[in-house]
Amino acid sequence: MSSYRWAAGYIDDGDRPKIVTSRFHLEDSYTLERYLATGGYQALRHALARTPAEVHDEVRGATVLGRGGAGFPAGTKWGLMPADKYPRYLVVNGDESEPGTYKDRLLMELDPHQLIEGSLIAAYAVGLAQVFLYIRGEMPLAHERVATALNEAYVAGYVGKNILGTDFSVDIVLHWGAGAYVVGEETALIESLEGKRGEPRLKPPYFPAAIGLYGQPTIVNNVETLSNLPWIMANGAAEYVRIGTETSPGTRMVAVSGHVERPGVFEIVNGTTTFRDLIYGDDFCRGIRNGNQLKAFVPGGGSAPWFTAEQLDLPFEGKLVGAAGSMLGSGAIMVMDHTTDIPAAALTLTRFYAHESCGQCTPCREGGTWLERVLQRVVDGRGTSADLAQMKEIGTSICPGEFPHASSSRHGLDATPFPYKMTTICFVGPSAYAPVHSALTLFPEEFAARVRDRVQIPVTAVQ
Ligand SMILES: Cc1cc2nc3c(=O)[nH]c(=O)nc-3n(C[C@H](O)[C@H](O)[C@H](O)COP(=O)(O)O)c2cc1C
Ligand code: SF4
């Protein structure tokens with residue numbers, strides 16, 4: 001079992017506060033028996049002894065920033081639902097597929113009851129009776145564990161009619177996704193749940209809190225966001241905000257991958273832990289592999305503009321990282337050492353987003369594909385300097401105006417705050433350009449060399 005845990009990627013070193021991973025070290029952490037033995041479902045009892053408005057206020061007071069990407073506070077989002085419109089729904093976003101991100105999967109596999117309890121607390125606070133739990137199709141163990149936990153919770157009376165003898169009743173439906181990245185976007189996820197193609201809706205007017213699933217008010221929350229709620233109800237918002245910083249309270253799960261000695265998922269103190277701590281700290285990744293040098297890192301999932309060693313001392317804090325020209329996004333850091341072929345690394349990411357485009361918006365559908373093709377040509381040594389200019393032109397058709405980038409005194413560039421302007425319905429379009437732009441901006445010499453040292457292709461081989 002312990003080797004499975006290592007393979008699963010969670011690392012628990014050091015003496016850090018644990019809010020969502022406190023049971024991860026237990027062999028049977030996912031069972032109802034263990035959950036109850038470690039205080040499980042007591043937070044729900046506390047919640048049901050209070051009014052829904054009081055529970056909502058507690059969560060609002062904790063300022064739980066959404067962990068799915070946008071970082072919007074959960075309590076504030078819940079308050080955006082129109083007061084008298086019913087039925088209303090909660091959709092749990094377990095579609096996790098942003099490149100580099102693998103922390104929600106662990107929460108579903110290792111502590112599914114915590115997620116169920118968090119969902120019940122949210123449902124009680126906003127007065128809804130139907131929850132949809134949407135799990136990514138490629139996560140069979142998460143699906144199996146959540147399904148088993150749901151069955152246990154129904155039998156024990158934590159889910160279903162008259163929960164714990166009260167008049168609070170909730171049904172939770174489990175839905176298995178088909179594996180499209182874009183369905184992680186909340187409105188595409190809602191379309192998918194309605195049985196349609198997973199294509200994002202326009203916002204406005206389709207803000208889920210107002211017009212969501214089946215046209216009704218809907219809260220979409222990330223797995224990690226909801227997994228925080230049992231701790232908050234059990235310990236109080238005041239305790240929660242004592243951890244982390246004023247703008248980023250609590251803890252946060254961060255998945256680190258790439259060229260580090262010890263990749264893994266860590267629960268870190270929000271807002272104060274720096275990228276240097278995470279990449280080099282003994283309790284975290286223990287430095288770059290084989291004693292190599294850091295070249296670049298992606299601070300918040302594949303969509304995020306890249307940073308270099310110059311940003312290592314930034315804390316994992318949304319506003320500061322935004323002001324430096326990137327984002328924390330889905331809580332995933334990807335590290336590249338000095339041996340990394342930068343144009344090829346950018347191509348890997350751009351190819352992913354181009355492939356995942358749902359095709360609704362021309363700049364994303366055509367732009368992403370062209371970016372991939374032109375960059376492939378450059379990587380293959382068949383590109384020209386006109387190709388480099390063309391990639392920038394394609395990029396500005398997706399993200400018009402001055403495209404933001406990580407600050408870099410090395411290249412004399414100023415930081416521009418996130419987010420981008422964009423001509424597309426959702427963020428997949430800009431995500432296809434972000435790696436290309438980062439790579440071109442931070443490492444222009446690598447592209448210049450690729451174009452200068454072109455592969456000589458025999459005339460007969462040119463079609
Ligand atoms: C292309 C795209 C993919 C996304 N994928 C996910 C995802 O896999 N999981 C997730 O929780 N949020 C994802 N999001 C963010 C959701 O749209 C939404 O903001 C989030 O689920 C809200 O939950 P939170 O407020 O608790 O963070 C994605 C957004 C975009 C634009
Ligand atoms: S940006 Fe891309 S993925 Fe998003 S809606 Fe438009 S075409 Fe679809």
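Student: How does the shell around ligand 2 divide by class, into nonpolar, polar and charged residues?

Tutor: Ala, Val, Leu, Ile, Met, Phe, Trp, Tyr, Cys and Pro are counted as nonpolar, Asp, Glu, Lys and Arg as charged, and the others, including Gly, as polar. On that basis, the shell around ligand 2 has 8 nonpolar, 5 polar and 1 charged residues. This is a predicted model, in which local features need pLDDT of at least 70 and side-chain atom pairs count only at pLDDT 80 or more, while totals for chains, interfaces and linings use all residues. Residues are numbered from 1 along each chain as its sequence is written, and chains are lettered from A and ligands numbered from 1 in the order in which they are written.

Student: Which residues are the closest to ligand 2?

Tutor: A residue belongs near a molecule if its C-beta atom, placed from the backbone, lies within 6 Å of it. Ligand 2 is surrounded by 14 residues, of which Cys358, Cys361, Cys364, Thr424 and Cys426 are the closest. The elements giving two or more residues to this shell are α16 (362–379) and α18 (428–442). Such elements are DSSP runs numbered from the N terminus: helices are H or I with at least four residues, strands E with at least two.

Student: How many helices and strands does the chain have?

Tutor: The chain has 19 helices and 8 strands. Its radius of gyration, taken over C-alpha atoms, is judged against the globule rule, 2.2 Å times the number of residues to the power 0.38. The value is 23 Å, close to the 23 Å that the rule gives for 463 residues, so the chain is as compact as a globular protein of that length. Along the principal axes, the C-alpha atoms fill a box of roughly 80 × 45 × 40 Å.

Student: At what angle do helices α7 and α8 pack?

Tutor: Two packed helices are described by the angle between their axes and the distance between the axes. The axes are lines fitted to C-alpha atoms over the stretch in contact, and angles run from 0 to 180 degrees between N-to-C directions. Helices α7 (residues 112–126) and α8 (residues 140–156) pack at about 60°, their axes being 9 Å apart. The two are therefore oblique to each other; angles under 35 degrees count as roughly parallel, over 145 as roughly antiparallel, 65 to 115 as roughly perpendicular and the rest as oblique. The crossing of α7 with α8 is right-handed; a crossing is right-handed if the near helix is turned clockwise from the far one by less than a right angle, and left-handed if anticlockwise.

Student: Which residues of α7 and α8 meet?

Tutor: Contact requires C-beta atoms, placed from the backbone, to lie within 7 Å. Pro112, His113 and Ile116 of α7 meet Arg145, Val146, Ala149, Leu150 and Ala153 of α8. This contact has 6 nonpolar, 1 polar and 1 charged residues.

Student: How do α4 and α7 pack?

Tutor: Helix α4 (residues 52–62) packs on α7 at an angle of about 120°, with axes 7 Å apart. The pair is therefore oblique, and α4 passes α7 in a left-handed crossing. Pro52, Val55, His56 and Val59 of α4 make the contact with Ile121, Tyr124, Ala125 and Val126 of α7.

Student: Where does the backbone of leucine 164 and proline 87 lie?

Tutor: Most residues other than glycine have a negative phi, and most peptide bonds are trans. Leucine 164 has a positive phi, near 50°, and is located in the loop between α8 and β3 (171–176). The peptide bond from tyrosine 86 to proline 87 is cis, with omega near -5°, and proline 87 lies in the loop between α5 and β1 (89–94).

Definitions and conventions: Contact = placed C-beta atoms within 7 Å.
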